[in-house]
Amino acid sequence: MNKLEFVLAPTLRHGSPEAPLVAELTVLSRGATEVRARIEQGGEVWTLRFPASRAPYLLLGFFPEGSARITIQIANSETALTWGQTLRHELTDVPTSPLEFPPLTTHVSCPERMAGRFTFLSVRRRAIGRTPDLSPAQRLFSTGWGLLVAIDNRGRIRWMRKLPNRSAGIELLANGHIFVHDTEFCSREIDLVGETVRAWYAADRPQGPLETGIPVPVRSLHHQPHQMPNGNFLALSAHAKQVADWPASVHDPEDHRSDREIVGDMVVEFTPAGDVVWQWDSFDHLDPYRIGYDALDAYWHVRGFPGAADWTHGNGVTYDPRDDSVLLSLRLQDCVLKIDRGTGAIKWILGDHANWRTDLRAKLLTPVGEPFRWPWHMHNPRLTSEGTIVLFDNGIYGARPGQERCPFHKSFSRGVEYRVDEARMTVEQLWSSALTDSDVKERTWAMGDAHRFEETDSAMVIHSIAMPKGRTDIGMDEDDRTVRYVAEFPSYARILEYDRKDIANVLFDVTVRDPNELVQWEVFSGVRVDNLYPDPMGVTFDFGDTLESAPETTRIAE
């Protein structure tokens, strides 16, 4: 075997300003099969192990504050050699303003019982106020900023990527990169260096074309993205149609009618080249006159559809490879649909049975077992390996237009898991993070995410827009000026992990909350992983000092 030695002195290079918790290490050696970096920062130690053939070496896991000391070691099957001088890494470009750095507080952490060690989160901020009332500067503050972070299982930030726009749902691709939508109707693949590898944008978006990126022939791309096993992407795309005599009131929909442009959703499958190879249009399959609460809010007015009403509000889509079907969550229809990708037919509807068109009633699932609750204004369905459905149930309203709503302070927000029996056309509630009102941790107006972790029998539930507790005066109508609307209160986010056998046993509890209550902080969705490094990179991330005992050396090959 070749003699083990350093060819040149190891060097460090700071990452990009957009990804300030990243550094690149260059090590040129001879006879090595592995390169190791022992990092000390803030009283913590972790060790990274890289295949020696892979260079430069990406250093991840830094904390946002304080300098780091890095010890470099090279090794082969026979011995290890340590570089005699410790490298020092000074962090730069980390946000220092409280308006740009999410205020995380860890309340509970049980790392030995949690699934995985890191959680990627899509973080957003918002000025307090009703959407129509926000000034241009407040609107830019809310939409012209975004942040992706990875926190460890103690709730500390260990990676971040600044974004120029408000972020939406995130997913990890098969190659370990991050896939994220933003509110500019753009989808980006971002690697752990923080570089945008590829980007796709809605070619017909109201903002016009992007200078870079792959155009997709749709008007919008929004909410939660999803990669399919064939490498294509599922996404939601909103478009609008003019409808005659549409309900002009969510409280008396039968008595008030007017012609109106309404926004409905398409599900599109597009290739990495941007070609749409499959689509499903809600206008072709659902009743446009079945409206939901919030239909008349200004949601789409500021997203390129001025004056348009919100009909379906799709907010999550996922692929079921077991039978080539698609699950679609429609917030304002208060339902999850299963769609046959081959025929486009609706296979079943999981949701309240009120006001469905006659031809769709046969698709409605019948609830069985106790306890059971329908989801209301739910978000982002996910499939487990058993084919059960996990989603975040905002649980607001508990009624359809024309019916009396549940006051917001009695909302029943939770993570929930359902099992559908397609032969019997029934649905059973298998698990919920809240079984009684006293179990509800937060009342969550919108968004949210839920994951089941099968290896630890635990579940992560993200409350994206949690409202102040104890308030009984939170208004639910954007156009009602007699009470304070929900958007006028200081909201916050909360990430929880539960022991599924005992929901009173919380394993992880982190809030993202402005102590001064001046900024609304939101977490759109999250992804749990065991290693910050994608599997294909073959990098081991070890908490603690795992360097082998080896003599220090400054020897460089001749």
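The structure is a predicted model, in which local features need pLDDT of at least 70 and side-chain atom pairs count only at pLDDT 80 or more, while totals for chains, interfaces and linings use all residues. Residues are numbered from 1 along each chain as its sequence is written, and side-chain values use heavy atoms, with hydrogens and water left out.

**Exercise 1. Strand β26**

Task: Decide whether strand β26 (residues 325–330) is buried or exposed, and name the strands with which β26 pairs.

Solution: 
Step 1. Buried means under 20% relative accessible area, exposed over 50%, and partly exposed in between, with a 1.4 Å probe and protein chains only.
Step 2. Six of the six residues of β26 are buried, so the strand is largely enclosed by the rest of the structure.
Step 3. One side of β26 carries Ser325, Leu327 and Ser329, the other Val326, Leu328 and Leu330, and all are buried.
Step 4. β25 and β26 run antiparallel and are joined by six bridges. Gly314 stands opposite Leu330 in β26. Their hairpin has four residues between the strands, and Asp324 takes a positive phi near 55 degrees.
Step 5. β26 also pairs with β27 (residues 335–340), antiparallel over six bridges, and Ser325 stands opposite Asp340 in β27. In this hairpin, again with four residues between the strands, Asp334 has a positive phi near 50 degrees.

**Exercise 2. Pocket and cavities**

Task: Describe the largest pocket, and state how many cavities of 30 Å³ or more there are.

Solution: 
Step 1. On a 1 Å grid over the protein atoms alone, a cavity is a set of points where a 1.4 Å probe fits but cannot get out, and a pocket is an open set with protein on both sides within 12 Å along at least five of seven lines; lining residues have an atom within 4 Å of a point. Grid points are joined across faces, edges and corners, and a volume is the space filled by probe spheres set on the points.
Step 2. The largest pocket has a volume of about 830 Å³. Of its 35 lining residues, Arg382, His451, Phe453, Val527 and Arg528 are the closest to its centre.
Step 3. The count of cavities of 30 Å³ or more is two. The largest cavity holds about 730 Å³ of space. Of the 40 residues that line the largest cavity, the closest to its centre are Tyr299, Arg303, His313, Ala446 and Ile465.
Step 4. The second largest cavity has a volume of about 30 Å³. Strand β16 (residues 178–182) gives the largest share of its lining, three residues.

Key: Helix = DSSP H or I, 4+ residues; strand = E, 2+ residues; numbered from the N terminus. Pairing = 2+ DSSP bridges.
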